Amino acid sequence: MHNPRFDYYSPSTLEDACSKLAELQGRAVVLAGGTDLIPRMKHRLVEPEVLIDLQQLSELNYIEKKPEFLEIGALTSLRDVERSPVVKSLLPALSKAARSIAGPVHRSMGTIGGNICLENRCPYYNQSSGWRKSVEPCFKTGGNLCHVAKASKRCHAVYSADLAPVL
């Protein structure tokens, strides 16, 4: 399965990224770690005109202890959250939760922002476009049913972010 065609944009500043997102008004998606986005693109769950790669924005990759809280940038890798001495000391449950996500390679690529912003998952919707075309459209695609709970009047896709409960 191949990704759809898209233009690639790598902004050098956060202001540049925000400006490009505003200019493209819903025709672009942002890439951080890509562990969720790339498979979604391959399955044609999302087909952006432009992929805006945020990986160069170092100002979004940090863990900083403030007087009354801990601040973690959206591009901070799950591996950094897991291994950070300050996270282990102040929020051991967050470090442990990060360690429980996937394997080391995914934790090195995946970001805390991406983990929190995951799309809802559904065993019917999160399939290839060809497979989705073979079943009646569900609520998530503008249809009138949920394949998970056929008698339901609403979608039963689930939010599966690992760090949200701890945060």
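1. Leaving aside neighbours within four places in sequence, which residues is Asp36 in contact with? Taking contact as heavy atoms within 4.5 Å, the answer is Leu118, Glu119 and Arg121. Keep in mind that this is a predicted model, where local features need pLDDT of at least 70, side-chain atom pairs count only at pLDDT 80 or more, and totals for chains, interfaces and linings use all residues. Residues are numbered from 1 along each chain as its sequence is written, and side-chain values use heavy atoms, with hydrogens and water left out.

2. Staying with Asp36: you'll find this residue in the loop between β2 (28-31) and α2 (37-42). Helices (H or I, at least four residues) and strands (E, at least two) are DSSP runs here, numbered from the N terminus. Asp36 counts as buried because its relative accessible area is 15%. The cut-offs are under 20% for buried and over 50% for exposed, with partly exposed in between (1.4 Å probe, protein chains only). The side chain of Asp36 also makes a polar contact of 2.4 Å with that of Arg121. A polar contact is a pair of N or O atoms within 3.5 Å; within protein, one must be able to donate a hydrogen and the other to accept it, and residues adjacent in sequence count only if both atoms are side-chain atoms.

3. Now the overall picture. The protein chain has eight helices and five strands, in the order β-α-β-α-β-β-β-α-α-α-α-α-α along the sequence. Its C-alpha atoms fill a box of roughly 50 × 35 × 25 Å along the principal axes. Of the 167 residues, 37% count as buried. Among contacts between residues at least 6 apart in sequence, 55% join residues at least 24 apart. The chain exposes about 10000 Å², with carbon and sulfur atoms supplying 52% of that area. Accessible areas come from the Shrake-Rupley method with a 1.4 Å probe, and for residues only the protein chains shown count as cover.

4. On to salt bridges, meaning a side-chain nitrogen of Lys or Arg within 4 Å of a carboxyl oxygen of Asp or Glu. That rule gives a count of seven. One of them joins the side chains of Lys20 and Glu23, at 3.7 Å from N to O. Both residues sit in helix α1 (residues 14-24), three residues apart, or about one turn of the helix. Glu23 is partly exposed, at a relative accessible area of 49%.

5. Arg79 and Glu82 make another salt bridge, with their closest N and O atoms 3.5 Å apart. They are three residues apart in helix α3 (residues 78-83), so about one helical turn separates them. An α-helix has 3.6 residues a turn, so residues three or four places apart point the same way. Arg79 and Glu82 are both buried.

6. Glu119 is partly exposed at 36% relative accessibility, and Lys140 is partly exposed at 28%. Elsewhere, salt bridges that share partners join Arg79, Glu82 and Arg107 into one network.

7. Which residues of helix α5 (residues 92-99) are buried? They are Leu94, Ser95, Ala97 and Ala98. These residues cover an arc of only 165° around the axis, so they lie on the same side of α5. The arc is that of the directions from the helix axis to the C-beta atoms. The cover over the buried residues of α5 includes β5 (70-72), α3, α4 (85-90) and α6 (104-109).

8. Beyond its neighbours within four places in sequence, Leu163 is in contact with Leu78, Leu94, Ala97, Ala98, Ile101, Ile112 and Asn115. The C-alpha atoms of Leu163 and Lys153 are 29 Å apart, and the two residues are 10 residues apart along the chain.

9. Last, the surface. Ile116, Tyr159 and Leu167 form a nonpolar patch with about 290 Å² of accessible area together. Patches are made of residues with over 30% relative accessible area and no salt bridge: like charges are joined within 9 Å, nonpolar side chains (Val, Leu, Ile, Met, Phe, Trp, Tyr) within 5 Å. Leu167 lies in the segment after α8 (129-133) and counts as exposed because its relative accessible area is 54%.
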